[in-house]
Amino acid sequence: MNIRRGMLRLEQNGLWTALVRVNGRTYSRSTGTCVRADAEASLRRLVVIADCACKQTLESAALLRAWPRYEASAVAERLAQRSRQVKYRAWLHFSVWIHEVHPEVSEPRDVTHAIAEEYHAFFQGGHAPITCALRIAFLREIFRVVLASYGCEAKNPWDGIRAKSGPVCVRRELTLDEVSRLLAAADDCGWEWRMLFSLAIYTGMRLGDCCRLGWESVDLASSVIQIVPHKTRRYFAGHPVVIPLHPELAALLGETRPENRIGFVMGTIARDFVSRRWAVSRNLEDIFRKSNIKMNVRIEGRERLAPLATFHSLRHTFVSIAVNAGVPLATVQSVVGHSSTAMTRHYYHPSMEALRQAVNAIPAIGRKGSAPQVVSPRPVCDRSTLCGRLRELEKARKLGLVSEEEFSALRRSILSNV
């Protein structure tokens with residue numbers, strides 16, 4: 001439940017509609033205006049009305065009184081403000097649900113494993129598996145801290161509960177043609193938007209790091225960008241990431257006069273990202289729409305649209321292009337700032353050409369009439385290369401490029417060279 005969440009939707013008649021989500025339901029009301037500023041004022045009034053309608057329910061939710069115990073803990077002190085807010089919304093949603101479904105529960109120690117399972121069954125309807133898994137993890141941690149603060153030895157009701165699997169929509173990488181269309185559409189919106197998309201394409205940086213990039217992080221003389229990613233600076237002691245500048249990106253950055261290279265590289269976008277992030281999101285959606293790229297897809301049984309292609313897809317695109325071009329995974333990991341190659345591998349989407357090369361690298365084996373088999377000397381075992389070839393072969397099998405019999409034979413051939 002997001003009681004304070006509201007958004008605007010532009011209708012075909014040019015008027016704005018205000019939408020507010022309350023107690024799991026979305027309410028809409030026409031603002032009667034085509035001016036966005038007036039529509040935003042109407043939306044704020046509607047949110048206030050919704051808050052007043054829910055005030056009595058929130059004040060009577062008994063479990064909310066336990067939240068200060070979590071906020072005062074050492075666990076909460078290590079969290080960023082945004083992370084603390086996300087966990088509070090999870091606790092708020094669970095507290096109001098308990099008040100409405102199990103009003104007899106007055107303290108966290110009264111919540112049983114059966115109640116936790118009931119809430120999980122309620123919450124997973126309409127949410128993605130990863131969202132359910134995060135909700136379980138948040139509540140498990142909050143209950144662990146709160147129960148310890150009471151000094152009771154009650155068992156954590158969330159222990160043993162796992163999110164059920166379901167249809168997964170993986171954010172895809174973009175094709176080179178789609179990237180070209182994005183750059184053309186961004187160029188029509190101005191130099192800053194062209195720069196924003198170029199940074200993502202040629203560096204693989206996240207949206208926040210692109211928007212907040214400062215000239216102090218850009219060294220045109222050495223042709224590098226050195227930043228501390230905003231997402232990981234809290235957990236990796238400010239470990240910097242050094243990214244060589246692509247010639248196209250260096251030329252675009254060089255268009256700014258030296259005397260103007262002060263502050264943010266994209267001043268307007270940086271200020272909007274800090275104070276009006278919705279404005280940046282709206283412009284990004286417009287650019288994707290002008291490029292004829294479908295951003296979301298609807299999955300049956302879910303309330304929200306699942307993201308299919310977003311600005312973050314450019315990070316997937318950067319990793320995929322680099323790895324398919326033969327750049328070692330560890331090198332790509334260093335550029336994008338991942339903590340492990342396992343995370344970088346999650347961003348890698350092999351192209352069909354790369355899969356075919358992996359399959360064609362295996363010689364013909366023991367078939368009558370085939371070309372004589374060339375026996376090569378037994379190579380030194382390289383476990384990373386071996387695992388990579390096995391993964392590519394598995395992907396080829398899933399795509400139907402090889403049959404089950406061919407898969408088994410090729411796998412035995414790869415393993416026999418170890």
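Residues are classed as buried under 20% relative accessible area, exposed over 50% and partly exposed in between, using a 1.4 Å probe and protein chains only. By this criterion, buried residues make up 40% of the 418 residues in the protein chain. The structure is a predicted model, in which local features need pLDDT of at least 70 and side-chain atom pairs count only at pLDDT 80 or more, while totals for chains, interfaces and linings use all residues. Residues are numbered from 1 along each chain as its sequence is written, and side-chain values use heavy atoms, with hydrogens and water left out.

The protein chain contains 18 helices and 8 strands, assigned as DSSP runs numbered from the N terminus (helices, H or I, at least four residues; strands, E, at least two). Contacts are defined by heavy atoms within 4.5 Å. Among contacts between residues at least 6 apart in sequence, 60% join residues at least 24 apart. The accessible surface of the chain comes to about 24000 Å², with 53% belonging to carbon and sulfur atoms; areas come from the Shrake-Rupley method with a 1.4 Å probe, and for residues only the protein chains shown count as cover.

Buried positions in H4 include Arg 84, Lys 87, Trp 91, Phe 94 and Trp 97.

Aromatic pairs were assigned to rings of Phe, Tyr and Trp (its six-membered ring) with centres within 6.5 Å; planes under 30 degrees apart count as stacked, over 60 as edge-to-face and the rest as tilted. The count comes to 15 aromatic pairs. One of these, between Phe 94 and Tyr 119, is edge-to-face, at 4.9 Å centre to centre with 85° between the planes. Phe 94 belongs to H4 and Tyr 119 to helix H5 (residues 113-124), and the pair links distant parts of the chain, 25 residues apart. Phe 94 is buried at 0% relative accessibility, and Tyr 119 is buried with a relative accessible area of 1%. Tyr 119 also forms an edge-to-face pair with Trp 97, at 5.2 Å centre to centre and 65° between the planes. Because Trp 97 lies in H4 and Tyr 119 in H5, this pair ties together parts that are 22 residues apart in sequence. Ring pairs link Trp 91, Phe 94, Trp 97, Tyr 119, Phe 122, Phe 123, Phe 143 and Trp 158 into a cluster.

In helix H11 (residues 267-275), the buried residues are Gly 267, Ile 269, Ala 270, Asp 272 and Phe 273. Their cover includes helices H8 (191-203), H9 (207-211) and H12 (277-290). Asp 272 has a relative accessible area of 16% and, not counting residues up to four places away in sequence, touches Arg 277 and Val 280. Arg 277 lies over the face of Phe 273, at 4.0 Å from the ring centre. A charge sits over a ring if NZ of Lys or CZ of Arg is within 6 Å of the ring centre and within 35 degrees of the ring normal. The charged end of Arg 315 likewise sits over the ring of Tyr 347, 5.5 Å from its centre.

The whole structure contains 0 disulfides, defined as pairs of cysteine sulfur atoms within 2.5 Å. For Cys 210, the nearest cysteine sulfur is that of Cys 211, 6.8 Å away. Cys 210 is buried at 0% relative accessible area, and Cys 211 is buried at 0% relative accessibility.
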